[in-house]
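Please read them with the structure open.

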Amino acid sequence: MSLIVKKVAQLITGFVFLYGIYIIVHGHLTPGGGFAGGAILAGAYILQILAFGRDPLHLKKKETGSSVSESVAIFLVLMMAVAGFFIGAKVFFNNYLPTGKIGELVSAGAIPLYNVLIGIEVAAALLTIFLALIIYKEEIEE
Amino acid sequence: MELTLSILLGFMIIGAIFALHAKDLLSAVIAAGIVGYSLVICFLLLKAPDLAIVQIVVETITLIIMVAVVLDSTRQELSVKIDRQQIINISLAVIFMLVLVFFFIQAINTLNPFGEHSLRMASAYVGETASKTGSANLVTGVLFDFRGYDTLGEATILFTAAIGVLTILRIKGKK
């Protein structure tokens, strides 16, 4: 890509990433949540990869970080849901943490934790699909 | 409001038809983007900002991926000859579509008017989500508390999609 694209991508990516984190963390207060924020996080990574290409980012042949974090995130979501069986009302997906005061950042019990985990899951899954399309394509050309 | 929605829906239909008939696959992909981005404005007009955020981000990412795929492969559409088998298929599709439209109209006539619903579950959610879950955003409260199974299913679908892509696109087998 040209110098303008690279410079603009450099300047913007941090803000995009920060905006994704904001959407995820404030998911129980403002519109948005884990899905939207996770997709924005993946967008930040994809912007970097599209602007700079493979070599400056040191993308390896086996880029396993994204798929591992995706699997770990969905495993933790399941574990948190199963934990509802043992605490409180014995229901799957039981919201067992104290709800706190409505409208504060730390409130709503386990919902912010679910938001963060789902955000990681979505970001890692979209990034995994994109990386697979890039890396396996270069495997064809060799 | 209904006029604006109708104009947007008209745009979406035109974009979809153009995407079907465009000679260049790149312009077909971009015309398919019209449908997604008009849907974003529809969601905003219908007061669903959560859906609008998700739709605009996912639409952008899928468009980028589709453009990358189209630029890598061919940009020309494959030509299809119309023979007897094709005519039978097309007429069957048209008949099936007419039957579907007939039953769809019958079903729509029994629904409530647009914007007035009498769903008991929905009114219970609207009233009590904030006090029961402590979440100020109603949509997130419903998604992660009352409808936790739905969210788990969606996350599982993404997980399965990523695994499927990794499995199908792999050229060399595991040793």
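1. In this predicted model, helix α1 (residues 2-21) of chain B and helix α2 (residues 25-45) of chain B have axes that cross at roughly 165°. Angles over 145 degrees count as roughly antiparallel, so α1(B) and α2(B) are roughly antiparallel to each other. Their axes come within 8 Å, and the crossing of α1(B) and α2(B) is left-handed.

2. The residues behind this pairing can be picked out on both helices. On the α1(B) side they are B:Thr4, B:Leu5, B:Leu8, B:Phe11, B:Met12, B:Gly15, B:Ala16, B:Phe18 and B:Ala19. They meet residues of α2(B), including B:Ala28, B:Ala31, B:Ala32, B:Ile34, B:Val35, B:Leu39, B:Ile41 and B:Leu45. By class, the contact of α1(B) with α2(B) has 16 nonpolar, four polar and no charged residues.

3. Chain A has a pair to set beside this one: helix α1 (residues 3-25) of chain A and helix α2 (residues 34-52) of chain A, with axes that come within 8 Å and cross at roughly 165°. That angle makes α1(A) roughly antiparallel to α2(A). The crossing of α1(A) and α2(A) is left-handed. Sorted by class, the contact of α1(A) with α2(A) has 17 nonpolar, seven polar and one charged residues.

4. Next, the contact between the chains. Chain A contributes 46 residues and chain B 39 residues. Chain A and chain B bury about 3,600 Å² between them, and 78% of this lies on carbon and sulfur atoms. How many salt bridges are there between chain A and chain B? The count is zero.

5. One helix pair reaches from chain to chain: helix α3 (residues 65-86) of chain A packs with helix α7 (residues 148-168) of chain B at an angle of about 155°, the axes being 11 Å apart. α3(A) and α7(B) are therefore roughly antiparallel to each other. Their crossing is left-handed.

6. For anyone inspecting that pair, α3(A) supplies A:Ser67, A:Glu70, A:Ser71, A:Ile74, A:Val77 and A:Leu78. These meet B:Leu152, B:Ala155, B:Thr156, B:Leu158, B:Phe159, B:Ala162 and B:Leu166 in α7(B). The residues of the contact of α3(A) with α7(B) divide into nine nonpolar, three polar and one charged.

Notes:
Residues numbered from 1 in each chain as written. Chains lettered and ligands numbered in written order. Predicted model: local features only at pLDDT ≥ 70, side-chain atom pairs only at ≥ 80, totals over all residues. Heavy atoms only, no water. Axes fitted to C-alpha atoms, helices over the stretch in contact; angles between N-to-C directions. Helix = DSSP H or I, 4+ residues; strand = E, 2+ residues; numbered from the N terminus. Parallel < 35°, antiparallel > 145°, perpendicular 65-115°, else oblique. Left-handed = near helix turned anticlockwise from the far one by under 90°. Contact = heavy atoms within 4.5 Å. Nonpolar A, V, L, I, M, F, W, Y, C, P; charged D, E, K, R; others polar. Buried area = accessible area lost by both parts, 1.4 Å probe. Salt bridge = Lys/Arg side-chain N within 4 Å of Asp/Glu carboxyl O.
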